[in-house]
Every structure is written in C-alpha cells, then in structure tokens.
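Please keep the model open as you read.

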Amino acid sequence: MAKFCSQCGSELQEGQACSCQELASAAEEPVVQVDEESTQEEVVVQEETVAPAQEEAVAQETKVAAAPATPKEPSGFSKFFNEAINVFKAFFKEPVATTIKGTKKEAWQSGLMLLVANILVLAIASATITARIYSMGLGSISRLLGVRRAGGFVLWITTFFTTILAKALLYGALAGLVYLGIKLIVKKELSFLKILSALSVATIPLTLLGLAAFIIGIVGPSFANRIMSAGNLLFMILFYLGVNEVTDADRDMSFYAIAASLFVYSILTAIV
C-alpha cells in the first residue's frame, strides 16, 4: 500500500523519509550577499583617510629633526667673560674707539673682569720686581757680612696682597673723584657705571705692560719700573678720553675736572 508525506503529500517508498522539512528550513535562512564593490570602496576610503595622516606625521617628525638647534645663550659669568675677551680683541684695532664705546654702553660687568685681570697682573709684577730688588740688595750685604739671605718669599706674598688692596682702593678713589669733579665743577650728573666702564677698558694697556714688566723684572727690575710708569700714563690718557666723550658738557670744564682727579690719583699712587 502506498505511503504519502503528511506535510507535502509526496508519495514515499517503504521506509523512505520525506526531505520537505529540511528544504523548508534551508529556504527560511537569510542569504547574506556581500557587495564586493562597496567593500572595496570602503577599504579605499579608509586607506585615503589614513595615508594623509601618516604622511603628515612623518613630515612633522622630519621637520622637527631638520630644524636647527637654537643655540643656548650664555649667561652669567661666561657671558661677561666673552664680552671682556671681545673688548680686549677690539682694543688692539681701535683703542680709543673701544674705550669710548665701552663707556657709552656702561659695560661695567665685563669691565670688572678686565679690572680684576689688571689688578692681578700688576700685583704679580710688583711683587716680583720688589722681591728681585730685595734679593739683589740683600745679596750684596750678605756677601760682605756673611749673613744668610731669607725672607724673599714672604716679601713677595706681602707685596702681592698689598698691591691688590692698594690698586682696588686707588681705582675706586679715582672713579669717585671723577664723579664728584664732574658734579661739582662741570655741574653735570654722570653715571658712576660709565666712569667705571671707562676706567676698566683703559686698564688694558697697563695690563699688557704689566705683563712685560713682570718678565723683564726678573732680570732688570729698575727698567721694569719704567715700563709700569709708561703703562700708567697710557691708562690715564685713555681714561680721560673715555670720560670726556660722555660728559656732555663744556670740554674745558670737563678737562679741569678729570685732570684734577687724575692729579690726586697720581699723588695717592706715589704715596701708596
């Protein structure tokens, strides 16, 4: 006797199962269609979005790497030391112009370094010349009396520190005298820092001749003293030119004020 499927009515053989239910389940499952063209467009858009960002990042890194490093500006001691060296070099080409320029700029910080160098050189030269004269004179006496020479080193040390103190006080006194002279005689106010700047730059020839006196003083101390005197003369001339340029007053009255100050300075130098 023939059998039929209770669902679809299809005729079935003996022991055969109908597959209508499996086909119905498969038909109900949604078919997902992939739009290959839209997928490719999305990928292209993503690549186009990412590429400029990467290029910009690489360009920024390259720009930072290629940018020249900003030189660090020296500060404090190194800055003023470099300025003092530049003034020292410029002095050899234009001594008067450099003195006047330094006075107008009030470059007293770098000027202090020139002043300290000058005082140290003069202290060494003076101590060497004094010790040399002492050893030469005492040597003659010791040979006559049979006395052993001693105290040369102590004299050198004493003269060295005494000269440092004396020169510092003399330079300070000179700057103060010029300031008062300009104020009282010329009736003008002149910045003390300008006076200090002029004084500092004007010591350059005295420093150089002080080095020469130190070297020569080892052999001929009397001739070394003449070199030091020439250095003092050049110092006073340059100092006068520097201060007189920035006084902004009658030249004759300015001359009297500065000349009087230098005269008193010379007397004090002889006494000290």
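Lysine 183 counts as partly exposed, at 37% relative accessibility; the term covers values between buried, under 20% relative accessible area, and exposed, over 50%, with a 1.4 Å probe and protein chains only. Its partner in a salt bridge is glutamate 189, and the closest N and O atoms are 3.8 Å apart. A salt bridge here is a side-chain nitrogen of Lys or Arg within 4 Å of a carboxyl oxygen of Asp or Glu. Glutamate 189 is exposed, with a relative accessible area of 57%. A search of the whole structure finds one salt bridge.

A word on the ground rules: this is a predicted model, where local features need pLDDT of at least 70, side-chain atom pairs count only at pLDDT 80 or more, and totals for chains, interfaces and linings use all residues. Residues are numbered from 1 along each chain as its sequence is written, and side-chain values use heavy atoms, leaving out hydrogens and water.

Next comes helix H7, residues 192-202, which is mostly covered, with nine of its eleven residues buried. Among the buried residues are Lys194, Ile195 and Leu196. Helices are DSSP runs (H or I, at least four residues), numbered from the N terminus. Serine 191 caps the N-terminal end of H7, placing a side-chain oxygen 3.2 Å from the backbone nitrogen of leucine 193.

Now for the pockets. On a 1 Å grid over the protein atoms alone, a pocket is an open set of points where a 1.4 Å probe fits, with protein on both sides within 12 Å along at least five of seven lines; lining residues have an atom within 4 Å of a point. Grid points are joined across faces, edges and corners, and a volume is the space filled by probe spheres set on the points.

| Pocket | Volume | Top contributor to lining |
|---|---|---|
| Largest | about 440 Å³ | H6, six residues |

Of the 17 residues lining the largest pocket, Ser126, Thr163, Lys167, Met228 and Thr269 are the closest to its centre. Helices H5 (108-145), H6 (152-186) and H9 (221-246) each give two or more residues to this lining. By class, the lining of the largest pocket has seven nonpolar, nine polar and one charged residues. Ala, Val, Leu, Ile, Met, Phe, Trp, Tyr, Cys and Pro count as nonpolar, Asp, Glu, Lys and Arg as charged, and the others, Gly among them, as polar.

The second largest pocket is lined by 17 residues, with Glu83, Asn86, Val87, Lys101 and Lys105 nearest its centre. Its lining divides into five nonpolar, five polar and seven charged residues.

Note on methods. Polar contact = N/O pair within 3.5 Å; in protein donor to acceptor, adjacent residues only side chain to side chain.
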